[in-house]
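Reader: Could we go through this structure together? I would like to begin with the salt bridges and then turn to the backbone.

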Amino acid sequence: MKRKLTIVFVIITLAFLALIGRLTYINAVSGDSYAKIVLSQQAYDSAVLPYRRGDITDRNGTILSTSTKVYNLILDVFIMLSTEEDSVTQTVTELCASFPDLDETEIRAYINKKPDSRYHILLEDLSYDEIQGFVEKMNDDENYPNIAGVWFENEYIRQYTYPTLAANVVGFTNSDGTAMAGIESSYDDVLTGINGREYGYLNADSDVEPTVIPATDGNTVVSTLDINIQSVVEKKIKAFNEAHAGAYRKDDDGSSNTAVIVMDPDNGEILAMAQYPSFDLSNPRDLSGYYDADEIAAMSDEEELNALNEIWQNFCISKTYEPGSTAKVFTISGALDSGTCDGTETYYCDGYQKIADTTIKCSHTSGHGMLTFSGALEQSCNDALMQIAMAMGKESFCHYQNVFNFGLRTTIDLPGEALTSSLIYNEENMGPVDLATNSFGQNFNCTMVQVASAFSSVINGGNYYQPHVMKKIVDPDGNTVETFNPVLLRETVSNETSDYLREYLYQTVERGTAVPAQVKGYTIGGKTGTGEKVPRDKQNYLVSFIGFAPVDDPEVVVYVVIDEPNDENQAQSSFATELAQEIFSEILPYMNIFPTEE
């Protein structure tokens, strides 16, 4: 037995000697490389360095949406309990002294309940000024030697300089950073950056060797919006609705919706796009402005989401409607451009047309009498327009509907643009009555941005530009990354036709249905619209006006739509015309467009 034990001992001893020899050899030959592997595995938890989301500004650099750095107060209980015995007392005492919202009893209860906790958020979204006092204490080892287990986590929150201004155009982000609506959504990939990371490993001396991969901040989107024009538009819209609130329907606003587009006709830039009611970007899920507390409490999750989506929608691009008499501009333009008419024709209006056993009345039921070609537009005569459309024929009429992009998207760079292809007629399904009603803007649907873009092409020489809200993209260092050059999508009418229409529309404001749009000293052209809504029971109307200035060289288009104005007589296009006049009166001087007439 002794011999066997001796042999086993010798074998074990030799094995240990062999192992020691092997380890000595490995250390001598490959020690450095293995040391690196071991050290690399001694990592401490890495920290995410959040990127800063890019800003959204107006065309002049005024910030509309920005990201501000904030700090979360983090408690590391494990570290706190691993240090000096009185760390808990001093740390908790100074925390509650520096941050009044904290409750000492709750903090101590959490420490006792979860002694191994490494990450507990005590407070969120603190500003630099709010944390500065405690940070100074953390760095003051002489007076506060036992503060431990507390650190600050950096984050960014989205803030809106003007929370209710251009809300449906700017859009917003959720608390998790998800972009919702507007520019925030359509240019999310531009505004979004890349998170960085800070990490390290312990070296041979047990010191941390840090490695930092910095975050890449998002780019800034410079929009085509002009905050001053946008402010004027929203001020005028709000004033209209406040003036008409409860005027007829006692519990209602001044309208179901009032919306305005201000556009540069020479390049498709959107200078302003507004609607009422709107919402607050800083609190986009607040429905209290639209529903009472009982209504909100009774909503299911789905009903609440539908209600939110309704207020988040951009009326100017997402809502479809029958345009009414503003569409007569396109019928007249098509008739001239196709050669169907040369502008010398006359038409007799007796107040109606009988088409295929259907009597379709003019808005002036007693009849306008004899009208010239331009007079048909000036007086907004349905009878004359039906005669013009019949002369064109459905093939030519449908062709120009397509030329003016009705039924197609404008491809504006905002989310949620409605597709209206199923809401207009084509040659196969258009009958005589459809042709007649379409000629004066009824019985087909469109969006505001479609009408504004098509109208701009009529008065700018026939160039249909893609409407857009992005002017350029700028990197965090201020360098221009991309500039939006005007995109000419098509040519709609000839220069000659455009010249005629500018004159016709000028006369419409001077002596026709749009006289209330006149601005002293300026040449304004434009067209009114009154659309009877379905069901056609003469109860609900959508009234509108689209105009431009100056007439000889158009620089700005203003399109106003008022859906169901709160008035006993809704069918008054003057509601929209007068609102447009007020907008023109303020923005023309601001845009350095000077008066040209006595």
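Reader: To start, is Arg-108 buried, exposed or partly exposed?

Author: Arg-108 is partly exposed, with a relative accessible area of 29%. Buried means under 20% relative accessible area, exposed over 50%, and partly exposed in between, with a 1.4 Å probe and protein chains only. Please note that this is a predicted model, in which local features need pLDDT of at least 70 and side-chain atom pairs count only at pLDDT 80 or more, while totals for chains, interfaces and linings use all residues. Residues are numbered from 1 along each chain as its sequence is written, and side-chain values use heavy atoms, with hydrogens and water left out.

Reader: Which residue does Arg-108 meet in a salt bridge?

Author: The partner is Glu-104, at 3.1 Å from N to O. A salt bridge here is a side-chain nitrogen of Lys or Arg within 4 Å of a carboxyl oxygen of Asp or Glu. Both residues lie in helix 4, four residues apart, about one turn of the helix. Helices (H or I, at least four residues) and strands (E, at least two) are DSSP runs, numbered from the N terminus. An α-helix has 3.6 residues a turn, so residues three or four places apart point the same way.

Reader: How many salt bridges does the structure hold?

Author: There are 18 salt bridges. One of them pairs Arg-53 with Glu-184, the closest N and O atoms being 3.1 Å apart. Arg-53 lies in the loop between strand 1 (47-49) and strand 2 (56-57) and Glu-184 in helix 7 (residues 182-186), so this pair ties together parts that are 131 residues apart in sequence.

Reader: And are Arg-53 and Glu-184 buried or exposed?

Author: Both Arg-53 and Glu-184 are buried.

Reader: What about Asp-563 and Lys-533, how far apart are the closest N and O atoms?

Author: They are 2.9 Å apart, in a salt bridge. Asp-563 is in strand 23 and Lys-533 in the loop between strand 21 and strand 22, so parts 30 residues apart in sequence are tied together. Asp-563 counts as buried at 10% relative accessibility, whereas Lys-533 counts as partly exposed at 24%.

Reader: Turning to the backbone, which residues does a cis peptide bond join, with omega about 10 degrees?

Author: That bond joins Tyr-276 and Pro-277. The peptide bond from Val-534 to Pro-535 is also cis, with omega near 0 degrees. Most residues other than glycine have a negative phi, and most peptide bonds are trans.

Reader: What is the phi of Glu-564?

Author: Glu-564 has a positive phi of about 55 degrees, although it is not a glycine. Glu-564 is buried, with a relative accessible area of 16%.
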